[in-house]
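Here is a friendly note to read alongside the model.

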Amino acid sequence: MILEATLAALFGLLIGSFLNVCIFRLPYDLTPANPPRSFCPKCENTIAWYDNIPLVSFLLLRGRCRNCKERISYRYPLVELLTAFFFFVAVYKSGVSWQALKLCVFAAICIDLIFTDFEERILPDEFTYGGALLGLLFAFKIQLPSMFGFLFLSGETRQWILSPVEALLSGLFCSGLLWLAGALYKKVRHLDGMGLGDVKMMGMIGAFFGLMPALFILLVGNILGSVAGLLFIFFAKKKAATFEIPLGSFLGIAALWVAFSDRV
Ligand SMILES: [Zn+2]
């Protein structure tokens, strides 16, 4: 599988490069298609194709814009390498299969969300709603374990519909749960504890992996976020009430860990 996995990793570099464009543009309501060419955020010079090769260009240019010499963020090679890594692992573990494709798509979505939430506190609908739809479609090909199945236990129920229904109900349930937690928090503390983006993101995770893995991811993500938040408040001496934890970033990290460690 080494050859296939290596090809997947190279493809992952390209997808990572595309994700970088999304991470930079979607929060500002620019689309990956408009403007059509990449540009430097500082001098707005259009970037030539030979300066836009994933990873390679960053190394050749030593991390600086050719025109204005402004530093290029380390996020660019990092996102490309992470995407390549997860694509490699997906194909290495599952071969050239629907399962590997599902893991690759999920990894790309999570990497995008981790970085947009961390940098901009935004979880773009294109990846939350769009991802939920993709998760639902994958459920037609890859059977999800039945948790809500008892609701339709009649012998008449066709097998092929059980898994997508499972994905739909899991997504709705996980979203609802997080929304309810946020609403309660708001009532008690009179503060917005959580954005709607996190709620949509949990729907996406539920649709991809079903109820139990999604609940586990929710738990792990919240623990990671809380620990990181406490550390940040302690070391940066910020007031707890003014600090907004990028919960989506931590949900994404938890989701990647769970999805790639065969816990789903
Ligand atoms: Zn520049």
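1. Let us start at the end of a helix: α3 is followed by Gly 95, whose phi is positive, near 70 degrees. Helices here are DSSP runs of H or I with at least four residues, strands are runs of E with at least two, and both are numbered from the N terminus.

2. Before going on, please note that this is a predicted model, in which local features need pLDDT of at least 70 and side-chain atom pairs count only at pLDDT 80 or more, while totals for chains, interfaces and linings use all residues. Residues are numbered from 1 along each chain as its sequence is written.

3. Now look at α3 itself. Its 20 residues reach 28 Å from first C-alpha to last, close to the 28 Å expected at 1.5 Å a residue (the expected span is 1.5 Å times one less than the number of residues).

4. Which residues of α3 are buried? Among them are Tyr 76, Val 79, Leu 82, Phe 87 and Ala 90. A residue is buried if 20 or more other C-beta atoms lie within 10 Å of its own, exposed if 12 or fewer, and partly exposed in between, with C-beta atoms placed from the backbone. The cover over the buried residues of α3 includes α1, α2 (56-60), α4 and α9.

5. Next comes the largest nonpolar core, with 60 residues, where Phe 87, Ala 90, Ala 107, Ile 111 and Ile 205 touch the most other members. Such a core is a set of buried Ala, Val, Leu, Ile, Met, Phe, Trp, Tyr and Cys residues joined through C-beta atoms within 7 Å. The greatest contribution to this core comes from α4, with twelve residues.

6. Two residues are in contact if their C-beta atoms, placed from the backbone, lie within 7 Å.

7. Turn now to α9, residues 247-260. Its buried residues, including Phe 250 and Leu 251, pack against α4 (98-120), α7 (196-209) and α8 (211-236). Just after α9, Asp 262 takes a positive phi of about 60 degrees.

8. Finally, step back to the whole chain, which has nine helices and zero strands. Buried residues make up 36% of its 264 residues. Of the contacts with a separation of 6 or more, 70% join residues 24 or more positions apart.
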